[in-house]
Amino acid sequence: MQDSSRMLVAQSIQQINQQSERFQQSFYQHLYQQVPAARALFPNTTAEKTKLVSMLSTFSRLSNFDKLKPAIIALGKRHLAYGVSTDMYPPFKQALLATIQETLQEEVDSASLSAWNEVLDELIDIMQKGDAHE
Ligand code: HEM
């Protein structure tokens with residue numbers, strides 16, 4: 001992943017954090033629309049958002065990405081235990097991208113969105129194929 005993508009994502013995260021309540025509500029709406037089965041997986045609606053955003057923030061800021069890799073592999077394994085299936089990842093990503101666009105509006109441009117795309121693809125790839133790298 002390119003450093004410029006990390007920077008753009010880190011920048012959006014700062015903006016998202018300023019309106020985290022709105023972001024959270026919008027994300028769940030999009031997620032449950034795309035993946036109705038996901039509703040049953042969340043014990044409460046606040047858990048994922050804060051952790052997800054802080055996780056993404058760590059990921060995008062870290063220049064030495066290899067350090068974080070074992071943690072992402074472990075995160076992927078925990079998701080299996082939560083009941084998350086591989087087919088839920090693409091709509092999850094779409095829900096997240098739609099929420100970013102909706103929340104940040106003119107603050108987000110196409111370069112930032114493609115940076116998010118890149119970051120999420122990489123994360124998802126490691127979460128899902130983690131075992132293969134061990
Ligand atoms: C980029 C992909 C994703 C990232 C970075 C991510 C990140 C996280 C993080 C950081 C947590 C906190 C708990 C932990 O660390 O184990 C979490 C929990 C969870 N995630 Fe995700 N997630 C992703 C994709 C998904 C998908 C596709 C689903 C299913 C629709 C999902 C459903 C859940 C559920 C059900 C929990 C547990 C909530 C709880 O028990 O409080 N996640 N996720």
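1. Starting at the N terminus, the elements of the protein chain go α-α-α-α-α-α. The tally is 6 helices and 0 strands. Keep in mind while you look around that this is a predicted model.

2. On the chain as a whole: it has 134 residues, and 23% of them are buried. If you take the contacts with a separation of 6 or more, 83% are between residues 24 or more positions apart.

3. Now for the inside. The largest nonpolar core holds 24 residues, and L31, F92, L96, W116, V119 and L123 have the most contacts within it. Two or more residues each come from α1 (3-17), α2 (20-34), α3 (47-61), α5 (89-104) and α6 (110-133). The top contributor is α6, with 7 residues.

4. Which residues does W116 contact, once its neighbours within four places in sequence are left aside? They are V9, S12, L97 and I100.

5. That brings us to I100, which sits in helix α5. I100 counts as buried because 23 other C-beta atoms lie within 10 Å, and the cut-off for being buried is 20 or more. Not counting residues up to four places away in sequence, I100 touches S12, V108 and W116.

6. Next, the packing of α2 against α5. Their axes come within 8 Å and cross at roughly 145°, and the crossing is right-handed. On the α2 side you'll find R22, F23, S26, F27, H30, L31 and Q34. Facing them from α5 are P91, F92, Q94, A95, L96, A98, T99, E102 and T103. Sorted by class, this contact has 8 nonpolar, 6 polar and 2 charged residues. L31, F92 and L96 are part of this contact, and they are also listed among the core residues with the most contacts.

7. Last, have a look at α4, residues 69-82. This helix of 14 residues reaches 20 Å from its first C-alpha to its last, close to the 20 Å expected at 1.5 Å a residue. After α4 comes G83, with a positive phi near 95°.

How values were computed:
Residues numbered from 1 in each chain as written. Predicted model: local features only at pLDDT ≥ 70, side-chain atom pairs only at ≥ 80, totals over all residues. Core = buried A, V, L, I, M, F, W, Y, C linked by C-beta atoms within 7 Å. Buried ≥ 20, exposed ≤ 12 C-beta atoms within 10 Å, placed from the backbone. Helix = DSSP H or I, 4+ residues; strand = E, 2+ residues; numbered from the N terminus. Contact = placed C-beta atoms within 7 Å. Axes fitted to C-alpha atoms, helices over the stretch in contact; angles between N-to-C directions. Left-handed = near helix turned anticlockwise from the far one by under 90°. Nonpolar A, V, L, I, M, F, W, Y, C, P; charged D, E, K, R; others polar. Expected span 1.5 Å × (residues − 1).
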